[in-house]
Amino acid sequence: MRVPIHGQDSSQVLQLHQLGKSYLLKNFSPARKQLMDTAIDIFQHAIRLSDSLGLENLRYESMILEGMALCAKDHSAAGEKIMMEVVDHYHKKRDLNREANTWLMIARNVNSPNNDRYFEKAVSLYQLAHNKEQEGRARIRMADYQFQTSRFKLAETTLLQALDLLHADGIQEVANIYYLLSSINRYLGNYEKALSYASTCVENAVRYNDTLHIESYYGEVALVNDEMGRAYESSQWYRKCLEKRISKKGDPVMIFRTAGLLIRQLAKLNMGKNALALMDSLAMRKPPRTAYEKGIAAQNYAYCFEALQKNAETEKYLLSAIAYFKGVDTGSELISLANMDASRFYLRMEQFAKAHKYLDTALVHRFSDRLVDQMELFHLLFVADSALGNYATAVRDLQHFEFLKDSIYNERKSRQIEELTIQYETDKKEQSIRLLEKEKRIQQSELTKELNTKRWIIGVTLLLIVIIGLLINNSRLKQRTNSTLKLQQRQIEKKNNSLQNLLKEKEWLVREIHHRVKNNFHIVMGLLRTQAAYLQGEEAIQAITESRQRIQAMSLVHQKLYQSDNLSAINMSDYIHELIDHLKDSFHTSQTIQFRVGIEPIQMDVSHCVPLGLIVNEAITNAIRHAFPGKDNCIISVAFKCLSPNHYLLSIKDNGIGLPVGFDPGSQVSMGMKLIRGLGDDLDATLKIINEAGTEIRLDFICEPASNT
C-alpha cells in the first residue's frame, strides 16, 4: 500500500483550495453564479486529485468547500447533501472534532429551517471532545445566526456563554464577542450597555493586536455614539473607520457607506463644506463603478447638498440614489433609509403627498431598521398624515412612535433600577461583613496579645543565639570549602580543555577518513567507467555498470557521513531519496517510470546503511531493466518504516510483468539475487519475494537504534 507523502502531493491540493476560496469570497459579486461555477470546478478537481494521491482528509475538506460553493450559488439542497456525506464519514470514524466542524459549516452556509439543530449538534460534539475553544467559537457563530434572525436576547445569552468558555480556556482575544454584544444591545436600544461593549471591543483588539476587523470595531463605536446623539464623538470614530478601510483597499461599497455615515455627522455639526470636500476627494480617488456604489455615492452627495441647503441638487441626488437601488439587491435597511431621506426632504419642502409616497415604501422595508430609525419613520408619517388631514392615521403613527420611544426608555430605566438595586444590596452585605470581621479581629487581638508577646520574646532570643552560632560555623566551613573547590576547579578546567582538543581532533580525523573513502570510491568508479569504454561485450559492460552503481551506493554513505554533524549514523530518508535520484539519472527513467517513495526519517548505523543501500540498488536496477517491457504506467514503490521499536521493514515493489511462472528465489544463481540474499543474511533479516501484480522484495529485520552522537 502506498504511503502518501504530505509534501508536494498535498501542496497541489492545498493550492487548489486556496484558489477556489478566492472565488468563494466574491459571493456578493453581480457575477456570483459564474464565479461559483468556477469554484465548484476547482474543488471537484481537488477531490479527484486527493483520490488519486490517497489523501483522504483533503478529499473530504474539498467536498466541504464544494458544498459551500453550491450554497453560495443558491443550490442549498445539493450543498447540504454533499456536506452530509462528510458528516457521515467522520461520524463512522468517531472523529468528533472534524464532525463538529462539518456541522458548523452546514449551519453557516445552508439556508435551512434546521440551522438551529445543526449549530446545537456542533456545540454538543465539541463538548464531548472537551474542546472548549472550538465550542466557544461555535457558540459565537450560533449567536450571530440568532442575531440575524432577530432573537436578540437569546443571542446575547449565547455570546456570554462563549465568553466564559474562551476565558476558561485561557483565550483573551475576544474582540469579536464584544462587537456582537454591542450590536445586539444597540438594536435593543440599550445604548449605554452597547457603548460599554463597543469600547471594550476596541480595547481588547488593540491590546492583543487582533486588528483584522478593527475598522468594523471602530464603526460600531461610531454607530452607538450616533444613536446616542453624540455627533462629534461619532464623527471621530467614523473617520478612523473610513481611513482604515481606505488604507486596506477594502470593498468600495463599504468605503462609500462609511463615508455617508461620516457625512451625516458632519451635517449635524454644520460642516457641510467639509462633507462635500470629503465626498469629492473620495469620488476622485475611487470612482463608483457598479449601480450599488453609484447609489450610495448619490445618497452621500444628497446629504452634502442638504447640509449646504441646496435643494435642487439635494432632490436630484436623492432620486438618483433610489433609482440606482431599484436595480440591485441592496437589502431592506438601505432601501428604507433612502426613501426616508427623500420623504424627509419633501416634508421640509412641504410637498406632503410626495413625502408620504416615499414613507410608504420605507414602511414596507422597516422591519430590519434600528429602533431609532423606526421611531423616526413613524414620527415622519405622523407629520405627513397630519398635514394631509389623515388624522386617524396620524394618531396611530403617533402611538407607534410613542411605543418605540417608551420601549427604549423603559428598557434603560428597568436596567438602571436593576443595577442600582444589585449595587445597593451588594454594598449593604459587604458593609455587614466588614463590621463582623472587624469585631472578630478585635476580640482575637485582645485574647492573644499577651500570650504572643511572651512567646515572641523567648523565640526571638533563642533564634538569635542559634543564628549567631550558625553564622560563625558557616563562615569557617566556607573558607575551607572555597580553597578546596578552587584547586579542584583548576584541575577540571585543564582536563576539559585537553579532552575538547582530543575530541575535535578525533572528529576531524573521522570526517577526513570518510571523505577520502568517498574519493577513493569515486576513483574506482572512474576506472570502471574508463575500462567499460574498452569493452565490446554487452554482458561485460553491464557488469561494469552494475559494479559502478554498487560502489556509488557505498560511496553515498560516506559522503552523507562526512557532510553531516553525526559521524556514525545516516538519515535513511535523505540517503534512499538521493540513491533513487542517481538511479533515475543513470537509466534516464524520469519520463517513463514513476517512483513513489515513502521513507520515514530513521537514523541507521553505517553497518546497516551499506547493506540496505546495496539491496535497494539491486532491486531497483532489476526492476528498471526487466519489469516493464513494453508496459505503460510504470510505477516503482519504495517504502522503509519502523513497525515497532527496533523493528523495521524495507519494501521495493513494481507493477511490472512479475516473475516467470515457477520462479524459485532460492535456486537463482544471478549475482544480484545472491547479493540481496547475502546482504539480508548480514542483517539477520527475513527476505520475502512476492509475485503478485508485479514483484515485491520485502526485508523484515531488527536492529538497535543508531547513536545520535
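The following dialogue goes through some assignments made on a predicted model, with the cut-off behind each one.

Trainee: What should I know about the model before we start?

Mentor: The model is predicted, so local features need pLDDT of at least 70 and side-chain atom pairs count only at pLDDT 80 or more, whereas totals for chains, interfaces and linings use all residues. Residues are numbered from 1 along each chain as its sequence is written, and side-chain values use heavy atoms, with hydrogens and water left out.

Trainee: Why are α3 and α5 called roughly parallel?

Mentor: The axes of helix α3 (residues 56–72) and helix α5 (residues 96–109) come within 10 Å and cross at roughly 10 degrees. Such axes are lines fitted to C-alpha atoms, for helices over the stretch in contact, and the angles run from 0 to 180 degrees between N-to-C directions. Angles under 35 degrees count as roughly parallel, over 145 as roughly antiparallel, 65 to 115 as roughly perpendicular and the rest as oblique, and α3 and α5 are therefore roughly parallel to each other.

Trainee: Why is the pair of Tyr179 and Tyr217 called tilted?

Mentor: A search of the whole structure finds 17 aromatic pairs, a pair being rings of Phe, Tyr and Trp (its six-membered ring) with centres within 6.5 Å; planes under 30 degrees apart count as stacked, over 60 as edge-to-face and the rest as tilted. The ring centres of Tyr179 and Tyr217 are 5.5 Å apart and their planes are at 55 degrees, so the pair is tilted. Because Tyr179 lies in helix α9 (residues 175–188) and Tyr217 in helix α11 (residues 214–227), the pair ties together parts that are 38 residues apart in sequence.

Trainee: What makes Tyr301 and Phe305 a stacked pair?

Mentor: Their ring centres are 6.4 Å apart and the planes are at 25 degrees, so the pair is stacked. Tyr301 and Phe305 are four residues apart in helix α15 (residues 291–307), and are therefore separated by about one helical turn; Tyr301 is buried, and so is Phe305.

Trainee: What makes Lys240 a charge over the ring of Tyr218?

Mentor: The rule asks for NZ of Lys or CZ of Arg within 6 Å of the ring centre and within 35 degrees of the ring normal. Lys240 lies over the face of Tyr218, at 4.6 Å from the ring centre, and the charged end of Lys316 sits over the ring of Tyr317, 5.2 Å from its centre.

Trainee: Why are His130 and Glu350 counted as exposed?

Mentor: His130 has 72% relative accessibility and therefore counts as exposed; it lies in the loop between α6 (115–128) and α7 (132–148), and its phi is near 55 degrees, a positive value in a residue other than glycine. Glu350 is exposed because its relative accessible area is 61%; Glu350 lies in the loop between α17 (332–348) and α18 (352–364), with a positive phi of about 60 degrees although it is not a glycine.

Trainee: Why does His89 count as buried, and which residues does it touch?

Mentor: His89 has 13% relative accessibility and therefore counts as buried. Its place is in helix α4 (residues 76–92), and His89 touches Glu56 and Tyr60, not counting residues up to four places away in sequence.

How values were computed: Helix = DSSP H or I, 4+ residues; strand = E, 2+ residues; numbered from the N terminus. Buried < 20%, exposed > 50% of the residue type's maximum accessible area, 1.4 Å probe, protein only. Contact = heavy atoms within 4.5 Å.
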